[in-house]
Amino acid sequence: MTRVAVVVAVVAAVAAASAVLGRRRRRAAPTQGGAQLPTQLDRGDFAGADASWLVAVFTSASCATCADVVRKAEVLACGDVAVREVEFGRDRALHARYAIDAVPATVVADARGVVRWSVLGPVTATDLWAAMARCRSGSDPGPGPCSATAR
C-alpha cells in the first residue's frame, strides 16, 4: 500500500511540475492595437493644397488593394478635389508624420486640413463617392465602411 501512495505522490508531483512548466512556455497572444487615422492634415504637405478638398490615399507598392483604392479615388479629382497617393516607399516621412501603420488608409480633408471622412482598408467606389458628396454638401458623411470616422 505504501508503494501505491508513493507512486501516486510522484505522479502528482510530475503532473504539477509539467503544468507549471507548460504555462511558462506558452506565449501570450500578441496585443492588437487599433490603427488610428489622422484627424488633421497639414495641407502644405500635399500637392494641390489650394483645392477645397484633399483625398489622400496612404498606400504601399506591394499592396494590391491599395492600387484599387487609388484607382477609385483618382476618379474624384477635379478643380475642387485634389487626390494624392502617399506611397510608403516614396513618402515614408508622411507615413511617419501621420502615424500611418496600415494601408490602404483613405482620408478626405477640407481646405483647413480637418479630416471629414476616413477609412482603413478597401472601400467601394460607391461609398467613396457618397462620402465625398456628403462632405462637399456639408452634411455628415458618417463612418467609413471599414473603420471609425475621423472628424
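Is Tyr-98 buried or exposed, going by its relative accessibility? Keep that question in mind as we walk through this structure, which is a predicted model.

## An aromatic pair

Tyr-98 has a relative accessibility of 9%, so it counts as buried, because buried means under 20%. A search of the whole structure turns up two aromatic pairs. In one of them, Phe-46 and Tyr-98 are stacked, with 6.1 Å from centre to centre and 25° between the planes. This pair links distant parts of the chain: Phe-46 sits in the loop between α1 (2-25) and β1, while Tyr-98 sits in the loop between α3 (92-97) and β3, 52 residues apart.

Phe-46 is buried as well, with a relative accessible area of 6%. Together with Phe-58, the residues Phe-46 and Tyr-98 make up one aromatic cluster.

## Helix α4

Now look at helix α4, which covers residues 125-137.

Which residues of α4 are buried? They are Leu-128, Ala-131, Met-132 and Cys-135. Seen down the axis of α4, these buried residues fall within an arc of 95°, so they line one face of the helix. The face turned away from this buried side carries the exposed residues Thr-126 and Ser-137. On the buried side, the packing partners are β1 (53-59), α2 (64-74), β2 (81-87), β3 (105-109) and β4 (115-120). Just after α4 comes Gly-138, which takes a positive phi of about 90°.

## Helix α2

Helix α2 can be read in a similar way. Its buried residues include Cys-66, Val-69, Val-70 and Ala-73. These cover an arc of only 100° around the axis, so they are on the same side of α2. Exposed Ala-64 and Arg-71 are on the face turned away from the buried side. The cover over the buried residues of α2 includes β1, β2, β3 and α4.

## The nonpolar cores

Where do such buried residues come together? The largest nonpolar core has 17 residues, and those with the most contacts inside it are Val-55, Leu-76, Val-81, Val-108, Trp-117 and Met-132. Two or more residues come from each of β1, α2, β2, β4 and α4. Helix α4 gives the most to this core, with four residues. A second, separate core of 16 residues includes Ala-51, Ala-82, Tyr-98 and Val-107, so our opening residue has a place there, being buried at 9%.

Setting aside residues up to four places away in sequence, Val-81 touches Ala-51, Trp-53, Val-55, Leu-76, Met-132 and Arg-136. Val-81 and Arg-136 are 55 residues apart in sequence, yet their C-alpha atoms are 9.5 Å apart in space. Val-55 can be explored as well: beyond its neighbours within four places in sequence, its contacts include Ala-73, Leu-76, Val-81, Val-108 and Met-132.

## A buried aspartate

Finally, find Asp-91 in the loop between β2 and α3. Its relative accessible area is 19%, so Asp-91 is buried, because the cut-off is under 20%. Leaving out residues up to four places away in sequence, Asp-91 touches Glu-85 and Val-86.

Terms used: Residues are numbered from 1 along each chain as its sequence is written. This is a predicted model: local features need pLDDT of at least 70, side-chain atom pairs count only at pLDDT 80 or more; totals for chains, interfaces and linings use all residues. Side-chain values use heavy atoms; hydrogens and water are left out. The expected span of a helix is 1.5 Å times one less than its number of residues. Buried means under 20% relative accessible area, exposed over 50%, partly exposed in between (1.4 Å probe, protein chains only). The arc is that of the directions from the helix axis to the C-beta atoms. Contact means heavy atoms within 4.5 Å. Rings of Phe, Tyr and Trp (its six-membered ring) pair if their centres lie within 6.5 Å; planes under 30 degrees apart count as stacked, over 60 as edge-to-face and the rest as tilted. A nonpolar core is a set of buried Ala, Val, Leu, Ile, Met, Phe, Trp, Tyr and Cys residues joined through side-chain atoms within 4.5 Å.
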